[in-house]
Structures are given as C-alpha cells and as structure tokens.
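Subject: Structure handover

Hi,

Here is the structure you asked for. Please open it alongside this email; my notes follow below.

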Amino acid sequence: MQYLLLIYDDEKRWANMTEGDMQKGMEAYNAFGEEFAGKIKTGDALQPTHTATTVRMREGKRLTTDGPYAETKEALGGYYLIDANDLDEAIAIAGKIPGALTGAIEVRPIMTFE
Amino acid sequence: MTAIEDVFRSEWGRLLAALIHLLGDFDVAEEALQEAFAAAVTEWAGEVPRNPRAWLYGTARHKAIDRLRRRARFAEKQAEIAYLAPSMTSDNMEDADESGVPDERLRLIFTCCHPSLAEDAQVALTLRTLCGLSTEEIARAFLVPTATMAQRLVRAKAKIRGAGIPYRVPPASELPERLSVVMAVIYLVFNEGYAAASGAALVRHDLCAEAIRLARVLRALMPLAQLNAQLDALLALMLLHDARRLTRVDDNGEMVLLADQQRSRWDRAEIDEGRKLLHGSLRRSRPGTYALEAAIAAVHADALIAADTDWKQIAAIYERLYALHPTPIVALNHAVAVSMSDGPGAALPLVDALSDSLADYHLWHATRADVLRRLGRVEEAADSYRHAYELSGNEAERRFLMRRVRELARGT
C-alpha cells in the first residue's frame, strides 16, 4: 500500500536555527532518506507557509487568499510518499522521520480506485 | 441457554478469528459465520454434533466460497477464487487442533485494539468480534443508540481495510506497548460493567464476565512471561472485584456499601484464584497499577468483617499507586483510606485539596459528605450529599445518597 507521510512542525524552529544546526537537521533527513530509499517513492520539503496562497472557486468566481488553508502553530512543512506492507510498517517509518522528534507526522493511506 | 447458544458463546470469537485470517475480510467472515450458525439451528435439530467447531468452520468456509464465487462471477474476478482456493483445501494449517480450526484470536484482539483506532471503536469491535455480542447489546451496554454503535463498527472495519491495519500479532519489540492497549480495552469493558453508571443490570454483568473471559484467552495465548505478570495482575484485579458482585446491590436494587456487604456471599473461588494470580504476578515483576489495585482488593477480601480491614495497608498501597499513576481519583481513594485508618480529621484536608480537580465528580462530594458527617458537621454533610445526588447518574446510587440526607435530617 502507499501512504503519504505529512510532516507537521513549528516553522520557527527552522527559521531560527543556526547554520550548524540547520546542517545537522539536513543531515538527519538525508540519513532517513538513505535508510528508507527502497520505500520512499518521492518526498519534498515545502517553502514556509508565508509563501502559501489558498484558492477557492465560489459561484464561478475565484477567491484567492494569502497564507495557508489553516493557520496552526505546527504547519505542513514536507511530505514523503512511501510504499509499505501495512499501516504498522508505515507508522514505524513515520516514527523515524526526524520531524517526529519535534513535530508530528500524519500517516494517510492513499486511496486506490479500481 | 440452548445448546446452540452455548456453542455460540464459546466458539464465536475463535471461529471468526480463523475465518478472518482465511478470508482476509471482516465482513465476509462475519456474514459467513452468521449463515453457518443459522444453518446449525435447522440442521442440528437440537442435537450438537461431536465437533461443533469443525462443523461450523467447514460450513462457514463453504458459505464464504459460495459468496465470493457469486461475487467473482459478477465482477469476473476469478483471481480472487484462485487465490483463496489452495488455502481452503490444504491440510497443513498451523496451530490447528483436532477440530482443524487454527486459533487466531490473538491476531484478532491485537487488530481490534490497534492504537490507530479510537478507544470506543476498539472496545466495540472487540465485543462484537471476539465476544460475539450483537450491535444492539453493545449499544445498550454503552448507552448509545443502536444506529450510532452500528456506524462506529462500520467505520472501524473500514479503517482496518482502508488504512491497511495488519491482521497479526505485533513483533516482540512492539508487544509491550500494544499489549497495554489491549489490557486497557479489557479493563474498560470490565469497568463499564462493574461501575454500571446506569442501564440494565443483566447486560452489565455480561460485560464483566466477557472482560474476564478475554483476559483468560489472552493469558492462555500470550507467550512472554514478563508480560504475563501484568496480565495476571489485571485478571486478578477483575476476579477480586467480580467476587463481590452478588452483594453490591440488595434485593430492592439499592446500592450496598463495601462496609455493609454480606461478605459470606463473596465468591470465594474467584477470590482464591485472584489472590493466587496476584501473588504469582508480584513474584515475577515490580507491581504496576493493575497489581496495586488488585492488592487493595485483596486486602479487603482478607477481612471477613469490615471492621477487620487493614486500612493502614490500603492507604500505603494507594500512596504507591499515586506515585505510578498520579490522578485526583487515586488521591481521593487514598484520602478515604486515611479517613478509615487515621480518622476523618486527618482525611478532610486531603479531600479538600482535591476540590478544584474533582468539583464535578459526584464521589468527591459523597466522600466529603461522609467525612463531614463523621466529624459531626451535619449541615455541611447534608449539603455535600445533595451535591453528590445532583451529579450522580446512577439510580441506585442516587437513592442511597437521598437516604443519607434523610438520615442526617433525622439525626441518626
């Protein structure tokens, strides 16, 4: 099965990091990526929520607003799409994402249409 | 109980667990097993075959194959049958006893109590699948409409399927965490039956019996000794409490306090078994919360009359329990024990210290009322009893509290 692992974390943490800590943070993600290279289909980090635009279509009119869909302390900052045998394996991999140590990982099974 | 009901009660969970493993689908397995029991009602004609488990398993298996064939023909998905067929004819089933039905209940209980399911869903699913309680029965036991409970079960099964919750016993590294979830579910079922917040008493006691039965099954099937110590403590705790069930409510349905219960009617067999399990558990590992709670129940069971109760020891155990599990309820129970060992004067400050956290809890008011009554502060006591009365949802308890208020008014 495929699962999307959504990484939620405090953006300020990354923004306020020293160069050295940033380096360590990146290394941790690289190590994770290597360990689970066989399971990860794709994955990305996202630019901070202040770069986000939210779009709605209402009665034929497009409404765009500045900022993310929901303003929360811990924001979506990245994701991995993985292949796992079952939810337990997906949970185990989610627990290894460095962001799990400070933020939270939401595990979402991908819908399949037959 | 008819012979078939008997078989249903003892075999449902085991048969369903095996069928889910075979068929890979909760709903197909459940429907097939229901059809097999329906067939048994007509075909057994009151006479149970020599091996009812094997009969029911074989019948349900055929019903399921028929169903899947129809579905496969309909959807032209022959692959499904091809996939199922070999395992259905092979004889090399693991763990199978003379009935030919492997015992897969551990897989089932760990799947039902998966931490990614909500607690109320874990409880409902466990009672439905392992205990065979109907949706109506579970709904009645938990005081929710049948439709709500039905939806809860449908959603839980959909999540197992949709999210890919595996049907297996977790690996050893995850077992402690996962077992504690299973034990929490079992204890919740027991407490729902024992506390009887309201509702029909008969259904309620069934819940206690089911929880004890689940713990026994789990205990029989779990391999690891270290974990069994906690499980033994949980089973001991439930048995030691269940032993009092006949004496907790009198013939008129009135609640009877522990001090006033007719101790000769406590179930000695359950007490002996509980005590033995508890001692075994304490020998093997440091006591956890279940063991400490069981130890308190055992101290009560040791006293043949209420006046002989060793309240000093109970207060000491509550202190240890508080160290592991620092909740206001444990602190309140500790205060009650202190009121018995050192007197109401020593307990009142302990009770009052909990006023913020337990202001909405009827037993806090009832405890405070009792302490004040014993200190001779009658009017304050009556006030507290009234608060407790207003907050309690249990009819027997409300009648008891009203009785206390009237006794205080009469000065008895």
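Predicted model: local features only at pLDDT ≥ 70, side-chain atom pairs only at ≥ 80, totals over all residues.

At what angle do helix α19 and helix α20 of chain B pack, and how far apart are their axes? The angle is about 160°, and the axes lie 9 Å apart. That angle is over 145, so α19(B) is roughly antiparallel to α20(B). Their crossing is left-handed.

**The α19/α20 pair, chain B**

Helix α19(B) covers residues 378–391, and α20(B) covers residues 395–410. From α19(B), the contact takes in B:Val378, B:Ala381, B:Ala382, B:Tyr385, B:Arg386, B:Ala388 and B:Tyr389. Facing them in α20(B) are B:Arg398, B:Leu401, B:Met402, B:Arg404, B:Val405, B:Leu408 and B:Ala409. By class, this contact has 11 nonpolar residues, three charged ones and no polar ones.

**The α1/α2 pair, chain B**

Which hand does the crossing of α1(B) and α2(B) have, left or right? It is right-handed.

On the α1(B) side, the contact residues are B:Ile4, B:Phe8, B:Leu15, B:Leu16, B:Leu19, B:Ile20 and B:Leu23. They meet a set in α2(B) that includes B:Phe26, B:Val28, B:Leu33, B:Phe37 and B:Val41. B:Glu30 also belongs to the α2(B) side. The tally for the contact is 15 nonpolar, one charged and no polar residues.

**Chain B overall**

Chain B has 20 helices and zero strands. Its C-alpha trace spans about 80 × 40 × 40 Å along the principal axes. Of its 412 residues, 37% count as buried. Take the contacts in chain B between residues at least 6 apart in sequence: 60% of them join residues at least 24 apart.

**The sheet in chain A**

Chain A holds an open sheet of four strands. The order is β2-β5-β1-β6, and the pairing is antiparallel. Which strands form the edges? They are β2 (40–45) and β6 (104–109) of chain A, each pairing on one side only. The twist averages 20° from one strand to the next.

Strand by strand, the pairings are as follows:

- β2(A) and β5(A): five bridges join β2(A) to β5 (residues 74–83). A:Thr42 stands opposite A:Leu81 in β5(A).
- β1(A) and β5(A): nine bridges join these antiparallel strands. A:Gln2 has A:Asp83 in β5(A) as its bridge partner.
- β1(A) and β6(A): six bridges join the two, again antiparallel. A:Leu5 stands opposite A:Val107 in β6(A).

Strand β1(A), residues 2–10, has one covered face and one uncovered face. A:Tyr3, A:Leu5, A:Ile7 and A:Asp9 make up the covered face. On the uncovered face are A:Gln2, A:Leu4, A:Leu6, A:Tyr8 and A:Asp10.

**Between the chains**

How many residues of chain A are in contact with chain B? Five, and they touch six residues of chain B. The chain A side has three nonpolar and two charged residues, with no polar ones.

That is what I have for now.

Best wishes

Conventions. Residues numbered from 1 in each chain as written. Chains lettered and ligands numbered in written order. Contact = placed C-beta atoms within 7 Å. Nonpolar A, V, L, I, M, F, W, Y, C, P; charged D, E, K, R; others polar. Axes fitted to C-alpha atoms, helices over the stretch in contact; angles between N-to-C directions. Parallel < 35°, antiparallel > 145°, perpendicular 65-115°, else oblique. Left-handed = near helix turned anticlockwise from the far one by under 90°. Pairing = 2+ DSSP bridges. Buried ≥ 20, exposed ≤ 12 C-beta atoms within 10 Å, placed from the backbone.
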